[in-house]
Amino acid sequence: MQDAMLSTPIYQELCDLSVSASRHLLILQDGISEEGQQFIELQQHSQVYQLNLDSGQPDQALQHLLHQMSAFLQQQRAGLNVVIYGDEYFLWQVYPALKKYGFLKEEIHLVISRTLSTPNLKQVYCVHCGHIQKTCWEDFCHCEQCNVHLLIRRHFSERLGAYMGVCADAQHPMGVHSS
């Protein structure tokens, strides 16, 4: 019998990251942390470029960061490795943009920050209507588009950057129970 395949994302620890590239792009969600500073110091032999997300208005700041990243990447050549450092929602907003620029999965290192003061957010894909939404780290939510009460499964799609949300109760898809 075959073991079940885990489909939750696997993240690296910044202190355990061993990247042999000569150039790195460090994309930080919330400024440089002590952990991030240690990574930069360990990479003394390489060039480290740094892009920071301004945490004032996260969604607008993220769009600005992606625009900055686009301009930066257009000027780069092969051999650049990227370390994305932030919460899970941030990682999966930046990751697809890097894939569009031709980065391989092996060139992108995802590191979850344990020190961010922001709430843990994640994306959920509603399998019923195809809507992707941002939600808090809970087991259930309501789809913003079709209003189905969703159970958020551990199954994660790297292509979508989201966890799968399925109807929590087929008898009461909108979460309404009669007494």
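**Questions on a predicted protein model**

Author: Buried residues account for 42% of the 179 residues in the protein. This is a predicted model, in which local features need pLDDT of at least 70 and side-chain atom pairs count only at pLDDT 80 or more, while totals for chains, interfaces and linings use all residues. Residues are numbered from 1 along each chain as its sequence is written, and side-chain values use heavy atoms, with hydrogens and water left out.

Reader: What makes a residue buried, partly exposed or exposed?

Author: Buried means under 20% relative accessible area, exposed means over 50%, and partly exposed lies in between, with a 1.4 Å probe and protein chains only.

Reader: How many helices and strands does the protein have, and in what order do they run?

Author: The protein has 3 helices and 9 strands. Starting at the N terminus, their order is β-α-β-α-β-α-β-β-β-β-β-β. Helices (H or I, at least four residues) and strands (E, at least two) are DSSP runs, numbered from the N terminus.

Reader: Why is Ala97 called buried?

Author: Ala97 has a relative accessible area of 16%. The limit is under 20%, and therefore Ala97 is buried. This residue belongs to helix H3, residues 88-100.

Reader: Which residues does Ala97 touch, leaving out those up to four places away in sequence?

Author: Ala97 touches Leu66 and Met69; contact here means heavy atoms within 4.5 Å. The C-alpha atoms of Ala97 and His67 are separated by 10.0 Å, although these residues are 30 residues apart along the chain.

Reader: What makes a group of residues a nonpolar core?

Author: A nonpolar core is a set of buried Ala, Val, Leu, Ile, Met, Phe, Trp, Tyr and Cys residues, joined through side-chain atoms within 4.5 Å. The largest such core here holds 31 residues, and Leu25, Ile27, Met69, Leu73, Ile84, Val94 and Leu98 touch the most other members. Two or more residues each come from strand S1 (23-28), helix H2 (58-74), strand S3 (80-86), H3, strand S4 (108-112), strand S5 (121-126) and strand S8 (149-157). H3 gives the largest share, 7 residues. In soluble globular proteins, nonpolar side chains tend to be buried together.

Reader: Which residues are in contact with Leu73, leaving aside its neighbours within four places in sequence?

Author: Leu73 is in contact with Leu25, Leu80, Leu98, Tyr101 and Phe103. There is also a second, separate core of 6 residues, including Leu14, Leu26, Leu28 and Val83.

Reader: Why does Ser157 count as buried?

Author: Ser157, in strand S8, has a relative accessibility of 13%, which is under 20%, so this residue is buried.

Reader: How do you know that the side chain of Ser157 makes a polar contact with the backbone nitrogen of Arg159?

Author: The separation is 3.4 Å. A polar contact is a pair of N or O atoms within 3.5 Å; within protein, one must be able to donate a hydrogen and the other to accept it, and residues adjacent in sequence count only if both atoms are side-chain atoms. The value of 3.4 Å is therefore inside the limit of 3.5 Å.

Reader: Why are Phe140 and Val127 called partly exposed?

Author: Phe140, found in strand S7, has 40% relative accessibility, which lies between 20% and 50%, so the residue is partly exposed. Val127, in the loop between S5 and strand S6 (132-136), has 38%, and therefore it is also partly exposed.

Reader: Which residues do they touch, not counting those up to four places away in sequence?

Author: Phe140 touches His149, Leu150, Leu151, Ile152 and Ala168. Val127 touches Met164, Gly165 and Val166.

Reader: Which residues line the largest cavity?

Author: The lining consists of Glu88, Tyr89, Trp92, Lys122, Gln123, Phe156, Gly161 and Tyr163. H3 supplies the largest share, 3 residues.

Key. On a 1 Å grid over the protein atoms alone, a cavity is a set of points where a 1.4 Å probe fits but cannot get out, and a pocket is an open set with protein on both sides within 12 Å along at least five of seven lines; lining residues have an atom within 4 Å of a point.
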